[in-house]
Amino acid sequence: MSDGNNQGGPNEPAVISSVKRRRMLKILGLSSTFGLAGCMGGGDNAGDSGNNNSSTSGAPSVGGKYTTIATSGPQTLNPLYNTEAGAGDLISYTLDLGYTFKPKTKFFPQVYDMSSDDSQVWVVNVREGLKFSGDYGKLTAEDFVYQITQVHQSEWAGTADTSSWPSEYNVEQTGDYEFQIELPSPNELYPETYDPLLYPIPKGLMQPYVEKQNADGLRKDKELLELTFTGNMGAYTLDSRNRGNSLTFVRNDNYYLKNVDSVPERFSNAPYFETLNVSIVPEQSSRLAALETGETDSAAVPPNRVSRFRNLQQVDVIEIPQPYTEVCCYNMRDNGWNAGPGNLFRKKKFRQGLGCAVNKKRLAKGVFRNFANPVYTWQPSWSRWYPEDDSSIKQYGTGDLYGKQATRSRIKKAISDTDYGYSGDMLRTPSGEPVELSLYHIAGDDTDQAMAEFIAKEFEKNAGINVKPMEIQGTQFDEKYWQQQIPKNPEQYEWSNGATNAGPREVTSANSWDMEVVFGLNTYPLNPTTADVFFVKDSAYNPYGYYPSWDAKKLFDQAATRRASRNSSLL
């Protein structure tokens with residue numbers, strides 16, 4: 001991470017990618033170039049393996065089954081604790097979040113609406129007529145206020161949204177279907193931060209765990225894990241789960257959104273499939289074979305196979321733009337840099353040197369087949385927040401800032417106060433051994449492997465560093481490498497904010513690692529102030545142990561209090 005200039009966020013190199021599915025709801029990315037089987041001409045019925053006829057009302061008829069493929073199963077389907085984008089997709093089939101955004105970033109209320117006169121006190125209006133399953137009754141403002149104040153703002157629960165609800169946020173119920181959120185200072189783009197984005201959870205389900213402060217019980221609650229409480233608030237209900245193999249969802253006849261006046265007519269009989277099936281298939285070759293033969297209706301297509309699938313009559317390929325960066329992340333915690341003493345990743349100049357080692361344009365063209373664009377700062381060039389004059393942004397990995405000279409001159413400055421040095425064209429440890437680092441990538445993903453191998457060759461050529469690409473399942477890397485072990489005495493540390501930032505650098509994961517390209521990170525083009533989670537050292541998300549040399553918290557606090565029209569000058 002190049003401090004001062006924010007180049008590449010937590011790591012270099014970085015490219016915007018439209019071709020991969022990544023994990024972690026809100027933070028870690030998902031999106032792909034997708035293939036849809038059985039789609040003749042890619043019209044409005046794309047992906048429909050059932051009845052494609054339209055009803056007299058203009059909405060499609062209900063029928064058939066939709067099948068899709070995921071690369072790995074979810075760690076949890078508990079909405080309060082999930083942090084995976086893939087699992088978030090599965091949850092969303094059965095339970096809508098509070099709101100979403102339509103094209104051109106227009107706010108679209110689902111379960112609730114939000115408004116504010118001064119950008120500091122936000123009024124939340126819960127949609128009436130929403131019901132939970134069983135005896136939990138109607139959804140009201142009380143359910144949300146209880147969830148926020150008694151669970152997310154508590155010191156014991158440690159939910160995925162804890163960091164979104166600090167204690168200085170005052171939340172108060174003001175009516176049966178209304179509550180308000182008072183922020184410490186105005187934030188005109190508060191909904192765009194995604195912080196107020198909540199799942200509807202019944203108070204009665206949470207209350208027994210709250211009264212006993214039983215976080216483990218809340219995390220393992222069967223109703224939350226099996227999504228049996230969702231009522232009419234999701235398009236489907238979870239019918240069965242064959243752990244590790246598949247999940248089956250069935251149509252929810254009572255889905256609330258089809259009765260909402262302000263939605264397009266095509267929602268009038270939604271959802272339009274009787275059954276939705278998600279198969280877990282780790283092997284990319286098997287996923288693509290299923291797409292080609294019509295065994296699945298959709299699957300992610302790697303960039304090196306797009307041309308072939310575009311030429312198949314029975315498959316439509318749809319490119320899905322998204323705001324996530326592909327990043328090569330360096331482990332700056334105590335179990336990172338396993339090549340020798342110290343941790344050179346902690347040196348800004350060393351990271352900038354590595355940023356010069358990888359040709360970003362060649363990576364985007366060769367590995368991603370131009371389904372990616374090089375980026376040099378945390379906002380993509382198409383964002384409204386990207387500066388009109390970007391001449392001051394250093395383009396590491398491009399032009400004069402690419403190659404052996406640019407790389408090694410910076411690395412030599414970084415190691416000048418250490419016993420590391422160059423000999424025989426290779427960077428060597430104080431004991432004279434060549435530096436060798438691990439680089440983890442997703443198993444069974446050709447694009448991930450190609451990216452890791454490209455980076456490894458560039459590091460060897462330009463930095464004189466041997467890199468060993470290592471494949472791993474995403475869930476395994478997340479649990480054993482990415483997440484830290486929660487200390488038994490968290491109060492003794494300056495901070496301990498959950499598994500993705502359980503404390504300072506001495507708090508580590510179960511297994512050591514050097515670098516990874518397993519995860520991508522969100523650039524948050526709707527509201528860049530949300531990206532503070534990647535830069536502030538004691539935020540809820542710092543698995544790599546980054547400590548900025550600049551005052552990240554002050555900068556983001558300033559930006560959050562400025563009017564939207566002035567934010568770009570800060571960001």
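This is a predicted model: local features need pLDDT of at least 70, side-chain atom pairs count only at pLDDT 80 or more; totals for chains, interfaces and linings use all residues.
What covers the buried residues of helix 13?

Residues are numbered from 1 along each chain as its sequence is written, and side-chain values use heavy atoms, with hydrogens and water left out.

Let us start with the overall picture. The protein holds 16 helices and 23 strands; these are DSSP runs numbered from the N terminus, with helices being H or I of at least four residues and strands being E of at least two. Of its 571 residues, 54% are buried, where buried means under 20% relative accessible area, exposed means over 50%, and partly exposed lies in between (1.4 Å probe, protein chains only). The accessible surface comes to about 24000 Å², and 43% of that belongs to carbon and sulfur atoms; such areas come from the Shrake-Rupley method with a 1.4 Å probe, and for residues only the protein chains shown count as cover. Among contacts with a separation of 6 or more, 70% are between residues 24 or more positions apart, a contact being heavy atoms within 4.5 Å.

Now to helix 13, which spans residues 474-482. Its buried residues are Gly474, Phe477, Asp478, Tyr481 and Trp482. They cover an arc of only 115° around the axis, so they lie on the same side of helix 13; the arc is that of the directions from the helix axis to the C-beta atoms. As for the opening question, the cover over these buried residues includes strand 16, strand 20 (436-442), strand 21 (466-472) and strand 22 (515-516).

Next come the nonpolar cores. In soluble globular proteins, nonpolar side chains tend to be buried together. A nonpolar core here is a set of buried Ala, Val, Leu, Ile, Met, Phe, Trp, Tyr and Cys residues joined through side-chain atoms within 4.5 Å. The largest one has 66 residues, and Tyr112, Phe179 and Ile181 have the most contacts inside it. Helix 3 (residues 141-152) gives the largest share of this core, with six residues. Apart from it lies another core, of 60 residues, which includes Cys328, Val367, Ile465 and Ala552. If you look at Tyr112 and set aside residues up to four places away in sequence, you will find that Tyr112 touches several residues, among them Gly98, Phe107, Val124, Phe144 and Leu198.

Rings of Phe, Tyr and Trp (its six-membered ring) pair if their centres lie within 6.5 Å; planes under 30 degrees apart count as stacked, over 60 as edge-to-face and the rest as tilted. By this rule there are 37 aromatic pairs. Take Tyr66 and Phe273: their ring centres are 5.3 Å apart and their planes stand at 50°, so this pair is tilted. The pair links distant parts of the chain, with Tyr66 in strand 3 (residues 65-70) and Phe273, 207 residues apart from it, in the loop between strand 11 (246-251) and strand 12 (275-280). Tyr66 is buried at a relative accessible area of 16%, and Phe273 is buried at 15%. The loop between strand 11 and strand 12 also holds Pro271, which is joined to Ala270 by a cis peptide bond with omega of about -5°.

Finally, visit the loop between helix 6 (222-226) and strand 10 (236-242), where Leu227 is found. Leu227 has a positive phi of about 55° although it is not a glycine, and it is buried at 3% relative accessibility. Thr230 is in this loop too, buried at 2%, and its contacts beyond four places in sequence are Thr94, Leu95, Lys131 and Ser133. Thr237 belongs to strand 10 and is partly exposed, at 26%. Leaving aside neighbours within four places, Thr237 is in contact with Thr94, Thr248, Phe249, Val250 and Asn252.
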